[in-house]
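Thanks for making the time this morning.

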Amino acid sequence: SRTPPPLAALAQVLRLEQGRRTGLLFPLQKLERYLAPGTDTARFRLFQPGLPALQRAEALFKSGRDHPIDYVSSAVRMAHAPLLALPEVCFIGRSNVGKSSLIRALFSLSPEVEIRVSKTPGHTKKMNFFKVGKYFTLVDMPGYGYRAPQDFVEMVEAYLQERHNLKRTFMLVDGVVGLQKTDHIAVEMLEEFGIPYVIVLTKIDRASRGLLLKNVLEIQEYVMKKTQGCFPQLFLVSSLEFSGVHLLRCFVAHVTGNLPTVEAS
């Protein structure tokens with residue numbers, strides 16, 4: 001089994017000097033100091049859990065004898081989807097947005113959980129279900145846009161409309177290029193179905209600070225003006241450097257009802 005990479009565990013992050021630690025745990029806050037004076041930063045800090053909540057979330061993503069994390073099955077249509085009563089979250093995004101890499105980063109403390117990451121965009125052709133102990137299920141959805149599977153719309157729309165235990169959809173957007181036409185279509189679909197969702201900016205290690213800040217502010221404005229069901233705070237992640245991964249684990253734990261609400265407020 002693979003060894004978890006450096007900084008995958010919270011204990012390693014806490015050994016870093018404070019500036020770097022804050023940047024890794026709360027990458028959005030790292031950008032705050034570069035904003036124009038007087039800019040409203042409330043949406044940068046809506047979800048700001050303390051250390052106990054981050055630790056609790058990490059424990060959920062770490063498999064053990066009494067807490068197995070297992071790949072359950074894959075499905076190309078809802079009739080084949082496993083019937084699981086647990087709270088569920090799903091991850092969607094364009095074919096080359098880094099979805100499988102992010103899911104692998106989330107599960108990096110459980111190296112036996114096999115998340116296939118391909119160099120070829122559009123590798124995920126099915127809905128892949130992962131059961132996290134008795135706490136929640138995580139679903140890796142096929143990518144949309146470039147190289148999307150033929151029956152993508154049928155599969156994904158049916159899932160989003162019929163999956164009653166779905167608690168939150170995580171919509172991944174490339175942090176370098178920002179919202180694309182296909183992302184706007186995905187947002188329209190989520191809005192139309194009344195699905196609560198959150199936007200996650202991936203690959204932030206590849207974007208210059210100026211470009212990242214520009215994309216963050218543009219997307220925040222879009223969320224504020226054009227959406228009803230989107231959580232107002234963006235989540236920024238780098239699967240390579242583990243920026244934002246600990247916070248995202250915590251948000252998943254929160255939306256699936258696995259964190260005491262006081263800690264997550």
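This is a predicted model: local features need pLDDT of at least 70, side-chain atom pairs count only at pLDDT 80 or more; totals for chains, interfaces and linings use all residues.

Let me begin with a question: does Cys90 count as buried or exposed? Cys90 has a relative accessibility of 0%, and therefore counts as buried, the cut-off being under 20%.

Staying with the cysteines, the search comes to zero disulfides. Cys90 is in no disulfide, and the nearest cysteine sulfur, which belongs to Cys230, is 13 Å away. Cys250 is likewise in no disulfide, with the sulfur of Cys230 again the nearest cysteine sulfur, here at 18 Å. Cys250 is buried as well, its relative accessible area being 0%.

Next, the aromatic residues. Across the whole structure there are 11 aromatic pairs. One of them joins Phe47 and Phe235 in a tilted arrangement, with 6.2 Å from centre to centre and 55° between the planes. Phe47 sits in the loop between H3 and helix H4 (51–60), whereas Phe235 belongs to strand S7 (residues 235–236), so this pair ties together parts that lie 188 residues apart in sequence. Both Phe47 and Phe235 are buried.

A second pair to look at is Phe61 with Phe107, also tilted, at 5.6 Å centre to centre and with 45° between the planes. This pair, too, links distant parts of the chain, since Phe61 is in the loop between H4 and strand S1 (69–75) and Phe107 in the loop between helix H5 (99–106) and strand S3 (127–132), 46 residues apart. Phe61 and Phe107 are both buried.

If you go back to Phe47 and Phe235, you will find them in one aromatic cluster together with Phe91, Phe170, Phe231 and Phe251. A ring contact of another kind involves Arg209, which lies over the face of Tyr34 at 3.8 Å from the ring centre.

Finally, the second largest pocket, which holds about 330 Å³ of space. It is lined by 17 residues, of which Gly23, Lys30, Ile204, Glu241 and Ser243 are the closest to its centre. The elements that contribute two or more residues to this lining are helix H2 (18–25), helix H3 (27–32) and helix H8 (209–226), and H2 gives the most, with four residues.

Definitions and conventions: Residues are numbered from 1 along each chain as its sequence is written. Side-chain values use heavy atoms; hydrogens and water are left out. On a 1 Å grid over the protein atoms alone, a cavity is a set of points where a 1.4 Å probe fits but cannot get out, and a pocket is an open set with protein on both sides within 12 Å along at least five of seven lines; lining residues have an atom within 4 Å of a point. Grid points are joined across faces, edges and corners, and a volume is the space filled by probe spheres set on the points. Rings of Phe, Tyr and Trp (its six-membered ring) pair if their centres lie within 6.5 Å; planes under 30 degrees apart count as stacked, over 60 as edge-to-face and the rest as tilted. Buried means under 20% relative accessible area, exposed over 50%, partly exposed in between (1.4 Å probe, protein chains only). A charge sits over a ring if NZ of Lys or CZ of Arg is within 6 Å of the ring centre and within 35 degrees of the ring normal. A disulfide is a pair of cysteine sulfur atoms within 2.5 Å.
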